[in-house]
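Thanks for coming, everyone. Let me put the model on the screen, and then we can walk through it.

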Amino acid sequence: MRLAEFKELLPLQEFSAVDVLKAARAMDEGRSYGTLDYSHLEPEQRQQAANIARSLLPALKRHMKSASGSQVKDTLQTVVSQLLFEVTKLDPDEVLTKVKQQVYVFDAKVSLPSVDSKSLLLPEFGSLTQGSWRICVATSTTPQPALLELAEGAAPRGVLLVYLGVLNPERRKNLRLELFKRRKSMLVVDEALVTVALADISDHRRAVMEIAQGYSGADPYRDYNRSAVPPEMFKGRSWERSAIEHSFGSHIVFGGRRLGKTALLRQIHATPPANAIFAYVDVDSVVDASNAFEQMSRRIPIFTSPVRNEDEFTATIAKWLDEDERRRLLLLIDEADNFVLYESRHNFRCIRTLLRLMADTGNRFKFVLAGLHNVSRIARTENSPLVHISNNPLEIGPLLGKDVDDAEFLIRGPLAAMGFEFENREDAWRILSFTNYYPVLIQVFCEELLKIIHERVQQTNRLPDLISTTLVEQALESADVRGKLFLTFEKTINSIEGRYELLTYILAARELVDHGSGMSAEGMTPAEVAERAIEYWPAAFPRGSDPIEIEYLLEEMEGFGIARRTYSGGFALRSRSLLELMAYDEADLTSKLEQYHKRRPDRIFDPKNNRRLLAKPLPTVDSNGHLSPLTNGQEADLLAPFAPAAAVKADGSPMSSRAHGIGVVFGTEWAGVRFVEAALMDAERTKDGLVEVEPRTYEAKKDLFDDVKRPSRSGRPRVLVVSSKTPWRPDWILEAERLGRVRKGEVRIVFVGDPLHASAWSEDTAVLKRIRPLVKLVRLRPVTRSYLGSRLESLQLSGDLMDRIIEATGGWSETVGPLMGRIAERPSQASTLIEADKNALLAAPGLYDRLGIQPDLAAFFRELAQYAHGSVITYRDFQHLCTTDGRKIVPSVLAVYSDVLGIISFSPDQSGNRSLHKVDLNPLVLAALLKAE
């Protein structure tokens, strides 16, 4: 590092009295001057360096002595242009200039060098100046207070002082001390620094900057709020940037608040290539599609005035692109959550227009949506127009993986540029762990570390030589630092959605218990998290909330860098350091959890749990008008991996598809198992030709395998849906997963299973252990409360009806769907219709079969219902019933069977003791079993 090398030279005798004329001769002759070697410079470099040292600096001294202001100006402009950066304008500052004291001050405009990702340039001397500078020249006779005054009142302009003479080590040290104490930024360039910088073979201009800024004050870690993060402080995200910029790269960007989405988009916006426009627009306040077109057109410079309709918008862009085939337009749409929510309620008018424009221009026009949870959810949802572009969404989270080195550089780089090196590199890693690798937390921590250093300097009047471990530990243990980090982290999770915050505290509570007991952190299952969520925030997580809903939220939190999956399949905090930020002790954490009891839930956008009414894509299945047995999220889980890969490598070349495998769907008649094939055939992705969905019934395993080996006629990925009429068994799945086309991602197989298949699945425990990690298991579940609530709200009916509907129908698609259809026709009679359906369902023929209760298990389930009615039963009770009265039921087998069909759910006990897990029967199942025979 240049600054460190300069510091090593300073104590040498020759640098306390540099003779620039002798140095110039050494430059001319290509030899050494003391320890400085000019022999490695190219002839042109030596000539320029010698001219600065031999002619320009002495000339500047002469003009100042003769008080020739115009000549000082011209010569100074030449010196700075050759030494640092091109000066395009230089105007005298008559107020600050003191001719008699030989101090000249000018207001300047300069052309700054570009910033690369590994630059050590500080923002105060780079992008924050926007090319505006105060350039000063003074001599060795100028007292230090007068020099320091030159830095006053200049910000945000940069300040450069050309010091004609040599600063001795003591004076240089004192100048740095005072500038740091006053938090003032000024580059002081003396003749010793000039002679050293001119020996730099790679870039003497950069050398001047990097050495001089190490003797100045600066505040690089300040909070830039909604302003663009200076490029000097933006580290990492290179492959994400490439994926966004590539015409066929990622279109969806999501992540927690202040994790770097906006900073990334603004960096891209600021550096478009030739013949391209990169436009950035914040649509947080957009109220409708017309307003969206207006805001976007305001930010795209080809529009002479804003437009409010799609025809003008698309015609203007298409015309501009047609005028030059080299042109590209990338539209970066930030803060898109409210926009996506509005669009979902209005048939995606604006988004459909953008998609058509993108297709019509061969992706020479491209748009990117960036935001928080709504953008994340729409990316994972089937049956929206965004399915075409949501295959490779970018999660912007902590600086991990390829960005770890950049995370470390974000800590060490700016501090080193200020002259502060870590005594132990491990301390930088401790900071990274403590801040969870979050860029914003790194920024806050380092800002606070600098404040601690500043306070110590004010007390001792001495700058530290190194950042010691003791100093880092002081910052790590500081309650003030922790408080500010927590407030920043709290904003990250709070600004997404309130439910994330609660789930984060629940994971933290488990982390605290596990750590205190010395247990390894296996995390919590979604069911365990659901139970705690129901306990602490019943308004947001009512009793009966499906753990699958919780799992979706936890997966989103994983994408936001808050949670992580453990090796056992559970979820835990991504880093224990988050726990240390969130609470001081268990009592503090408990207090925060209890605050949710009376809190009102947020209004949520939950497209992944929506369902739609089916058409009739299969002539043999009368699915028309039936409620889909699959949620939008489940359809995406089964079909989305086959969308054409949009991922690109850092060099812009496409990545191969990563997705392949097996899906397994289980359900009962009333869960709509016979409509699964129709639902997948009727999905948006299928109808748009992104995949070939092929429902099949096979007589034998060989028939299936022969079909898998057949290539796709269209070239699109094939999805073979093996119907429940096929006598498949778990061993089919095990062998199918090994097939070449399946592993290459060319074919995916979805096995659909009814209660008979579920029975075989649960009994074959040896095979089940081997195949369970290899498949995507989808259970047909009751509708979610969020879906039912939105339906009732659309009919302007009270949400109080929700519990009655679930109790009457069990929430199954084939029971709740028809009821909601009748309520939609006669909303004023909702209560009567609910009661009538409840009675009709319990009187339906084949009731047990439709719910998945096999005849040989009916007696057991009736006794279980008697136990469960009005009391709480546990898994231990369940085990006991399986083996009493001469029964030889294997509890673990029946538990798997009941779980995959939705007959029973096992809510966890907070102790984690499986034998104490609560057993909950589906409401309709319970009512059916209690019904008098």
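**Cavities, sheets and a helix pair**

The lining of the second largest cavity divides by class into eight nonpolar, no polar and two charged residues. For the classes, Ala, Val, Leu, Ile, Met, Phe, Trp, Tyr, Cys and Pro count as nonpolar, Asp, Glu, Lys and Arg as charged, and the others, Gly among them, as polar.

Some ground rules. This is a predicted model, where local features need pLDDT of at least 70 and side-chain atom pairs count only at pLDDT 80 or more, while totals for chains, interfaces and linings use all residues. Residues are numbered from 1 along each chain as its sequence is written, and side-chain values use heavy atoms, with hydrogens and water left out.

Back to that cavity. It holds about 50 Å³ of space. A cavity is a set of points, on a 1 Å grid over the protein atoms alone, where a 1.4 Å probe fits but cannot get out; lining residues have an atom within 4 Å of a point. Grid points are joined across faces, edges and corners, and a volume is the space filled by probe spheres set on the points. Who lines the second largest cavity? Leu167, Arg172, Leu175, Arg176, Leu179, Val188, Leu193, Ile211, Ala212 and Tyr215. Helix α6 (169-182) and helix α8 (204-212) are the elements that give two or more residues. α6 gives the most, with four. Helices (H or I, at least four residues) and strands (E, at least two) are DSSP runs, numbered from the N terminus.

How many cavities of 30 Å³ or more are there? Six. By class, the lining of the largest cavity has three nonpolar, four polar and four charged residues.

Now the sheets. Two strands pair if DSSP finds at least two bridges between them. Strands β4 (residues 104-111) and β5 (residues 132-139) pair antiparallel over six bridges. Ala108 has Trp133 of β5 as its bridge partner.

Another open sheet has five strands too, ordered β18-β19-β20-β17-β21, and its pairing is parallel. Here β18 (692-696) and β21 (775-779) are at the edges, each with a single partner strand, so one side of each is left without a neighbour in the sheet. Five bridges join β17 (residues 661-666) to β21 in parallel. In β21, Arg779 is the bridge partner of Phe666.

Last, a helix pair. The axes of α39 (residues 858-868) and α42 (residues 923-930) come within 9 Å and cross at roughly 105°. Axes are lines fitted to C-alpha atoms, for helices over the stretch in contact, and angles run from 0 to 180 degrees between N-to-C directions. α39 and α42 are therefore roughly perpendicular to each other, a label for angles of 65 to 115 degrees. Phe861, Arg862, Ala865 and Gln866 of α39 make the contact with Leu926, Leu929 and Leu930 of α42. Contact means heavy atoms within 4.5 Å. The contact residues divide into five nonpolar, one polar and one charged.

Key: Parallel < 35°, antiparallel > 145°, perpendicular 65-115°, else oblique. 1 Å grid on protein atoms, 1.4 Å probe; cavity = no way out; pocket = protein on both sides within 12 Å on 5 of 7 lines; lining within 4 Å.
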